[in-house]
Amino acid sequence: MQVDERSLPLTRAQLDIWLAQDLAPDRVRAATAWQLAVIVKIDGYVDYEVLGWALHRVVGECEPIRASFFEEGGHVLQKPVDYADVEVAFHDVSDSADPLQEVHDLVSELQCTPLPMSGPLFRFALIQARPDQFFLIGCFHHLVLDGSGIAIFGHRLGSVYSAVMTGAAIPPPVFGSLTDLIEYESAYESSAEYLADRDYWVRTLPPDNDQQSQPVSDPAPESETDLPSPPLPLDAAVLRRVDALAQATGLPPSSLITAACALLVRAWDTESSDVVLDFPVTRRVSPQSRTVPGMVAGVVPLVVSPTATMTVSEFCVHVDNRIREALEHQRFPVHTLERARYSQGAPSRVSVNFLPSTFTLDLGGSVGTASVLSAGAVNGLGLFFASDGAQLSLSVAGSGHRLAQCDPAALTHALERVLVGMTANPSRPLLSVEVLDREQTSRLSELGNRAALSQRPARETITEAFARQVRCAPDAVAVGCGDRALTYQELDVASDRLAQFLVGVGAGPGRCVGLVFDRCVEAVVAILGVLKTGAAYVPVDPAHPDERVRFMLADAAPVALVSGARWMERVDGFGVPVVDVADPPVAETPAAVLPAPSPDDIAYVIYTSGTTGTPKGVAIAHHNVTQLVGTLELGLDAGEQVWSQWHSYSFDISGWEIFNALLCGARLAIVPQEAARSAQELRELVRGEQINVLGLTPSAAAALSPDGLDGVALLVGGEPCPADVVERWAPGRVMLNQYGPTETTMWVTVSEPLTAGRGAPPIGRALPGAALFVLDAWLRPMPVGAIGELYVAGPHVGVGYVGRAGLTAARFVACPFAAGQRMYRTGDLVRWGADGQLRYVGRADEQVKIRGYRVELGEVQAALAQCDGVGQAAVVVREDRPGDKRLVGYVTGDVDSATVRAELAERLPVYMVPAAVVVVDGLPLTVNGKLDKRALPAPEYVDGGRYRAPGTLVEEVLAGIYGQILGLDRVGVDDSFFDLGGDSILAMRLIAAINTSLDTDLSVRTLFDAPTIAQLAPHLAIGTGSRKPLIAQPRPNRVPLSYAQQRLWFLNRFEGGAATYNMP
């Protein structure tokens, strides 16, 4: 299509739709999603010929509806087309067994058939259902018409048709033109009102994109079309209550329903204190805008801020005020601010759309009732409310929000439940308005094992449980390491002697004793010996730096340090008495049995890293441990189990290994320090010791080959487990993923046996002594599938932090579900999966965001691990330059960093591709077996300081085009177009320039997938374009105007030479 004097630019609303459709992965489906359908039910006779003539007449009068759209020189333009005829398809279904179903099927077919951008962007059909009943169907692309425009068009059609049928004169048309539409927007953009509106939205928009990349957990299956679901009527009794509250408060019912929708959304999405809804607006605020049947409408964010203590009445007033403010400033294109603030555009939200009531048309004496069936594409989830008299119905469309997991009927019932709660007592606080029904609450109670709240703590101590095993099998081997092994009887006697000796140096209930050991048999003797005194053991890893050791000893104030000859030099100089477990005085001490400690006595104090950098000592009692051991089902009798003891004693998981073995009659095989650091030695030790219960961190498991270890059950935990570890280890064995903070005694969940091919594994179900709650900021349960913070209650919950009463009170809070009990706030974000298992999402206090997007590092790591040649993989966020956070990947294997990044770029969104991939010999681990992020080397970014010069002629040409479009002197081949300031509009101009200069045929979508020159160059196929290459020509006497100049000249001509665009 050629550019001429009738060609016009698009309005912002039109350009948004064009870009959304053009950039969609499925353009055909996107095209039909933006097609609006209206159905007019006509009771009475319809003259088909007259109706066709009237439609042709009205279409001819309505210039905006006749617009066609095309690209030229990187710009999108529209131009009206004059049609010699307007086709009206006719279908007679009066003989059908179910005429209304036939009508419905024809409407769906009409709406789901794409309209061409070259026009016409409308389609009509007349369906006869009975001799005296007809249905007129209209389908319009949203580019040319909005909901208000449909009503303007429909009323004009009715007046023209009626005039012809009655022989009256046809009223003169009152439609505005496409030029009026452009002028209307341009005048606003140069007004003081525009600036005031902009200031309002700058203040109102949330400061950060808290909902941008939250995954839709267990997403609802996509429907075959984007049409809304069939309307479901809201309960009439509920609507009467809403009307009564509306009269009492003086607020419109729509504001009350919007407030209920906000509470419903908040129940599923609590990432921010604000709830942001998409709120469709007409933008027709002036009289002249109400005569233009074009595309004027838009969407603005409705930002509301509910608090737990706010009353229902106060919140409804707050929502109504925000609606009024949004309507007052509705003309401003808020999406332009969101693009700048949120980098990749607005997040997927819930849209609350009150469709216009059905309107009636007089069609020559026959009454037509018109209803709009769709309202355009939905980015997240659309809630469409349509009224028919006193009846209000709800339809749902979209699958891009967590609420989409609920079917329309469930959503309708949930909204009714919230409305009932709101209207029952408007003075009640929002916290008391129930969103979940009894069935959901009961399901969450079952999933979270709330029964544990009524479970009495175990009354057996660790030492009593061990003594029971000694009596059962005194001669069975209890523990071994290399050539040294002790039976249960020998271990009991040795620990009794040490206990007696420690009592002599002050050990006892309420005291603690430090242990400084690597993995060895003597350490297990020392642990039992300290426990038998009633004191708590405090493990100190010999590898810890002196500063940390001094802090721990000063904080815990142990009466003595127990160690061995190998570590004597390490424990000197700390001012604490040292006991060598192998000293003759210890061996000569009588092995008398001491009185058993109380189940409430502290068993151990484990020091973990604090968020402020100061370690904190976590105190765990005997009953916390004894109620946990023996709860794991491995399919092996206790006497057949051989547990590895791989973890450092400063990691509480070591207690899980030790006590699950010794308190249940199994054998404990200790992994020496040397074997723990070598995958090959560890593999040989597992086979040689016939270990059949192997506990490792996922990082350690990733470094160990499962070959030859058939029948070995693998227990992983301590950090998120990547999918690739499950792929390698799960086949042919029992593999379990475990989760638990130190503060809640080792583990609180364990997964079902894992299977390969299911992605990142869940962290599982609650163990018997743990009650789990996934809560929002108001401490209310989150529905299945929604993300919340995990709280743990029940006998698993530890005592607290040693000497840190304030911190203990902050993290061990009162449990609202059981009077007098506490629950521990983990700080971990989780969600319940559809299978009843918990999924770990991330840390609440360490959100990883890149370019405004929340990034799940596990997803990036999984993709990295799948790249060809990669052995192990890890992904971290580094800030090597202040304020410049970047994803960095680390891999082992014979691979090339650039090749790996290129492969990732084909699998992941741009913002998830690491800025650098570093190849290392092996991933460093901490003493606890977790990934040691501090030991990872800083990357040398491929841009060598943000610039890498073009290396080929094509890259050089692309760099020049990038610079021209972005207004930059120099662009490196690794610089992202969008990081340099590019947006959707500039992207169109860039692609047009590339296609013209290099005679290729790239799409804008390609640039979003490959935004750097290095990534984009391989996508070029030179010489495949439809345009002829540019050839230098003599400079003409008359130079054509630029796009911006052409638009301003055009507007100035229609304003009669006004000085609007003069600049002083």
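**Exercise 1.** In which helix does Trp268 lie, and is Trp268 buried or exposed in this predicted model?

*Solution.* Trp268 belongs to helix α9, which covers residues 253-268. The relative accessible area of Trp268 is 5%. Buried means under 20%, so Trp268 is buried. Among the residues that Trp268 touches, beyond those up to four places away in sequence, are Arg402, Leu403, Met782 and Pro783. Trp268 and His401 stand 133 residues apart in sequence, with their C-alpha atoms 9.2 Å apart in space.

**Exercise 2.** Determine how helices α3 and α5 are oriented to each other, and describe their contact.

*Solution.* Helix α3 spans residues 48-61 and helix α5 residues 147-166. Their axes are 9 Å apart and form an angle of about 135°. Angles over 145 degrees count as roughly antiparallel and those from 65 to 115 as roughly perpendicular; α3 and α5 are therefore oblique to each other. Their crossing is right-handed. On the α3 side the contact includes Trp53 and Leu55, and on the α5 side it includes Phe153 and Tyr161. The residues of this contact comprise 13 nonpolar, no polar and three charged.

**Exercise 3.** State the strand order of the six-stranded open sheet and locate the two helices on the sheet.

*Solution.* The order is β5-β6-β7-β2-β13-β12, with mixed pairing. Strands β5 (88-92) and β12 (359-363) form the edges, each pairing on one side only. The twist from one strand to the next averages 20°. Strands β5 and β6 are joined in the parallel sense by five bridges, and Asp92 is opposite Gln128 in β6. Helix α3 touches β5, β6 and β7, its direction making about 160° with that of β6. Helix α5 lies across β2, β6, β7 and β12, at about 20° to β12.

Terms used: Residues numbered from 1 in each chain as written. Predicted model: local features only at pLDDT ≥ 70, side-chain atom pairs only at ≥ 80, totals over all residues. Heavy atoms only, no water. Axes fitted to C-alpha atoms, helices over the stretch in contact; angles between N-to-C directions. Helix = DSSP H or I, 4+ residues; strand = E, 2+ residues; numbered from the N terminus. Parallel < 35°, antiparallel > 145°, perpendicular 65-115°, else oblique. Left-handed = near helix turned anticlockwise from the far one by under 90°. Contact = heavy atoms within 4.5 Å. Nonpolar A, V, L, I, M, F, W, Y, C, P; charged D, E, K, R; others polar. Buried < 20%, exposed > 50% of the residue type's maximum accessible area, 1.4 Å probe, protein only. Pairing = 2+ DSSP bridges.
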